[in-house]
Amino acid sequence: MAKSKKTSVDRRGFLKGAAAGAAALVAKPQLADAQQAGGQNGQPTAQNRGVNGSAPAPTEVALARETGGRPAESSRIIEHPGSDYMVDVLKTLNIEYLAANPGSTYESLHESLINYGDNKMPEFLTVCHEESAVAMAHGYAKIEGKPMMALIHGDIGLQHASMAIYNAYVDRVPIYMVAGNHSDGARRAPGVQSMHSAQDLGALVRDYTKWDDEPLSLGHFADTAVRAYNIAMTPPGGPVLIVCNAEIQGDPIQGSAPRIPKLTLTTPPAGDLAAVREAAKLLINAERPQIIAQRMARTPEGMALLVELAELLEAPVNSQERMNFPTRHPLAGTGWQGYQPDVTLNLEVGDILPQARIDRARGAKTIQITSVSVFHKSNIQDFGHYADIDLDIGADAQATLPALIEEIRKELTPDRKRAFEERRAKLAEAHKKAWDQQIESAQYGWDSSPISLARLSAELWPLIKNEDWSLVSWQGFISNWPNRLWKFDKHYQYIGGQGAGGMGYGAPAAVGAALANRKHGRLSVSIQTDGDLNYAPGVLWTAAHHRIPLLTIMHNNRGYHQEVMFVEEQAALHNRGADRSHIGTKLWDPNIDYAKMAQAYGMHGEGPITNPDDLVPALKRGLEIVKKGEPAMIDVVTQPR
Amino acid sequence: MKRLLLLLSITAALASAQSPAGDAKHGKELFLSYACYSCHSFDGHGGAGARLVPMPLNQTAFMAFVRNAGRMPSYSSKILPDNKLADIYAYIKTLPASPDAKNIPLIQELLKER
C-alpha cells in the first residue's frame, strides 16, 4: 500500500472527529490566511485557477495547511499503481467528466485521475453529495447521449447515491459508476475502512442497476470497464457499476500492463421484420391512428425519424417524457375533439396498461415497441402492469423506425395516401385551435401574486427564444407551461423528468445537463421546484465552482405541493377538516431565502420576486450573468401549479 | 368535464337563490386554511383544479357541488357547515377576474408566432 491506512483520515471519520472534539477547528480563523494568499474574500484568482479543467486550484496557504500534518516522506513509494492503468483504461472510453464526493476507498484512483491522468477525460467535478453526482450524470446523458462517470465512496457513498441510481434506471439513462471498496479483509484497517466496505457492494443497488461487476485484477478491470460502457449504452440504457477494489487500485502494476480491449457498441435491437410488416399494415389501414412516444428519441435522429413516420401516416403524435417531436408541428397532439384512435402505436411507453385499457374499451388495436420488453428484473416493479397488447415488438423503437417507415412506404396505396392527406388537414386545424386555446389560457391569473406559472413561462420565452436554449428541468410540476407556450423543435431543448419520480433529481440533473450544454454554447434554463432543491442544494456550489452556466428560476410555492393536495384529499375522505393539511407539507415559517442560498454557494441570487412586473428585469439580469459563463438564480414566489 | 358542467347546470337550475349571505373576510381565512388555493390558486384562477373566477355557480349550487364533488374531494357538512361554505363562496366572489387575453400584448405576440 502506498501509505499506512491506519494513519489516514477517512472523510466520514474526519467529519465525525471534527464534530465531536474539534469544534475549535471550525471557529479557528483560518480564513484570514486564505484571504491573504488568495484573491478578494479568499477566493482563488484568475492567476491561481487550475489550468486543467474548470476548477480553481487551492491557494498556497490552503495547500500548506492541508499537507502540514503529514509525514515528511514515505518510506515506501509506488510510482506505477494499478490506478494509473485504470486511468489509461477509462481514457479509452472518452468520458468527459466524472462527478464525485471524495472518499478513501478510491483515493488511489482519485490521485491517478488528477495527476497521472492530468485531470482530463475525465475531468474531476467536486460534488457535495453522491446523489447529486449520479443525478448530474443523469442530466448530462440526456443532453449528450452518452454516459458521464460518477465516482462513489464505498457502501456509504453508494447508499447516498442509490435514489439517483434508481431514477436513472427507470428513466433508461446510461450512467457509468465506479465505486471504491476495501474488499480484502486481511488488508483493510479495522473501524472505518471495514464499515465502508462490503462483501458484495453491488448488491446494495443491484435491483436497479443494469449491470455490475467487481473485477479481481487489472486485466479483469479493463474487460469490465469496457463491457460496462457497452452495456450502459445498449438500449434500454441504464446505470452500470464497477466495484473497484482499493487493493487493486493501490498495488503496483506487475509486469507489463494488460491489453485494453477495444470498445465496440452493440447495435440497438431492431424489430423482427415480420412483426414490423404487420404493424405497418395495421397503421396504414387505420382510420384514426395515434402515435404515443415516451422514452423514444435517444438521439436527434430519433426525433427526425418520428417526424418522418408521423408525416408518412399523417397521424397525431402525443410526445411525453422526452423531446420526441416538435411541439408546434401540425401533427403534435392527440387529434381533433372526439378523435378516437382505432390503432395506437406506443413507442417506449413505460406502463402501457392505461392506454391498452382505453384501446380495448373502444375496440382499437394496441401496438407496442419497446426494448424494455426484452430486459427485465424482478424486485422493482417499474415494468408496470401486464396489459392486453395486439402486437408487442421487443426492440428499440428508434432503431425499428427505419424499417417501419420503409414497410409503410412499400405498402401505401394512392387511395390511402389521399385519405391520409384529408386527415392531415383536419389534424392541422385541430392542432392550431388547441394551440391557440393553450396560449389564450395563459391569461388566467396573469396579474396574480404569487406569480402564475403561465406568466413566468410566457415572460421568459421572448428572452431566450432567439438564443440556442435548452430547458433542463421537468415540466410536470409547472403544468407544462413551456410546452404550451414555447416552440420546442430540437432534441436538446428538453430533458424530461426524474424517471422514478424521486425528488432531489431536478437541481443536479439541471447542472449536469447545463454542463453538457456548455461546450455547445447553449443557454441552459431550469425552472426549479423548491422541494426538490432542498434535498441536496450543495450542487449549486458545484455549478458555481466549475463555472457551469445555468439560469435557475425558482418555482417557489413554499411546499411539497402535490402532497398538500393528497393530504387534503385524505382529510375529506376521512370526513375530517383539511385545515391541517399544511402540517408536514409546507416549507414556510420561516420562508426559505433562495437568493441568499444562491449567494452563499457563490452565485448571483436575487428575489424573492412576488410582483409579476418585477419578473422580466430580474430574469434579464440573471440571463446576462449566465451568458458570461456563470450560474445565477432568480427566486420567484409562484402559484402552486 | 362535460358531465361535470351538466351536473353543475342542473344543480344550479334547481337551486334556490335564498342561501345565507357569507362573510368574505372569514371566507378568505377558510380558503387559505383549507388550502383551497392548492388546486385553485391563491386568486382562484385555477391550477391543478378548476378556475373559480368568474364563479359560474350560484351559492346553493356551489354548496351542493362541494358536498358531492367529482374529482375534487367532497366536504361534508360536519367539517364544512353551510355557513362556512357561504363564507368561502362570498370570498371567491370578491376575487378579481383576469385580464382578457386580447389585452395582454405578450399573449397576442405568442399567438402570432405560429
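**Note on a predicted two-chain model**

1. Chain B contains six helices and zero strands. Read from the N terminus, the elements of this chain follow the pattern α-α-α-α-α-α. The chain has 114 residues, of which 33% are buried. Among its contacts with a separation of 6 or more, 68% join residues 24 or more positions apart.

2. Within chain B, one helix pair deserves a description. Helix H2 (residues 24-33) of chain B packs against helix H5 (residues 82-94) of chain B with the axes 7 Å apart and at an angle of about 95 degrees. Since angles of 65 to 115 degrees count as roughly perpendicular, H2(B) and H5(B) are therefore roughly perpendicular to each other. On the side of H2(B), the contact is formed by Ala24(B), His26(B), Gly27(B), Lys28(B), Leu30(B) and Phe31(B). H5(B) contributes Lys84(B), Asp87(B), Ile88(B), Tyr89(B), Ala90(B), Tyr91(B) and Thr94(B). By class, the residues of this contact are seven nonpolar, three polar and three charged.

3. Chain A has 24 helices and 16 strands. It consists of 641 residues, and 50% of them count as buried. For contacts in chain A with a separation of 6 or more, residues 24 or more positions apart account for 79%.

4. Asp212(A) stands opposite Leu241(A), a residue of E6(A).

5. The largest nonpolar core has 162 residues. Those with the most contacts inside it are Ala99(A), Val134(A), Ala137(A), Ala150(A) and Leu306(A). Which element supplies the largest share of this core? That element is helix H8 (residues 154-170) of chain A, with nine residues. Ala99(A), its neighbours within four places in sequence left aside, is in contact with Leu125(A), Val127(A), Ala133(A), Met136(A), Ala137(A), Met148(A) and Ala150(A). A second, separate core has 28 residues, including Tyr560(A), Ala61(B), Tyr75(B) and Leu80(B).

6. The two chains touch each other through 34 residues of chain A and 30 residues of chain B. On the side of chain A, the elements giving two or more residues are helix H16 (414-440), helix H17 (453-464) and helix H22 (561-573) of chain A. H22(A) gives the most, with seven residues. Sorted by class, the side of chain A that touches chain B has 13 nonpolar, 11 polar and 10 charged residues.

7. Leu391(A) belongs to strand E11 (residues 391-394) of chain A. Is this residue buried, exposed or partly exposed? Leu391(A) is partly exposed because 17 other C-beta atoms lie within 10 Å, whereas 20 or more would be needed for a buried residue. With residues up to four places away in sequence not counted, Leu391(A) touches Ala275(A), Glu278(A), Ala279(A), Leu282(A) and Ile367(A). Leu391(A) and Ser183(A) are 208 residues apart in sequence, and their C-alpha atoms are 48 Å apart in space.

8. Gln337(A) is located in the loop between strand E8 (317-319) and strand E9 (343-347) of chain A. Gln337(A) counts as exposed because it has 8 C-beta neighbours inside 10 Å, and a residue with 12 or fewer falls in that class. Along the chain, Gln337(A) and Lys586(A) are 249 residues apart, and 38 Å separates their C-alpha atoms.

Notes. Residues are numbered from 1 along each chain as its sequence is written. Chains are lettered from A and ligands numbered from 1 in the order in which they are written. This is a predicted model: local features need pLDDT of at least 70, side-chain atom pairs count only at pLDDT 80 or more; totals for chains, interfaces and linings use all residues. Axes are lines fitted to C-alpha atoms, for helices over the stretch in contact, and angles run from 0 to 180 degrees between N-to-C directions. Helices (H or I, at least four residues) and strands (E, at least two) are DSSP runs, numbered from the N terminus. Angles under 35 degrees count as roughly parallel, over 145 as roughly antiparallel, 65 to 115 as roughly perpendicular and the rest as oblique. Two residues are in contact if their C-beta atoms, placed from the backbone, lie within 7 Å. Ala, Val, Leu, Ile, Met, Phe, Trp, Tyr, Cys and Pro count as nonpolar, Asp, Glu, Lys and Arg as charged, and the others, Gly among them, as polar. A nonpolar core is a set of buried Ala, Val, Leu, Ile, Met, Phe, Trp, Tyr and Cys residues joined through C-beta atoms within 7 Å. Two strands pair if DSSP finds at least two bridges between them.
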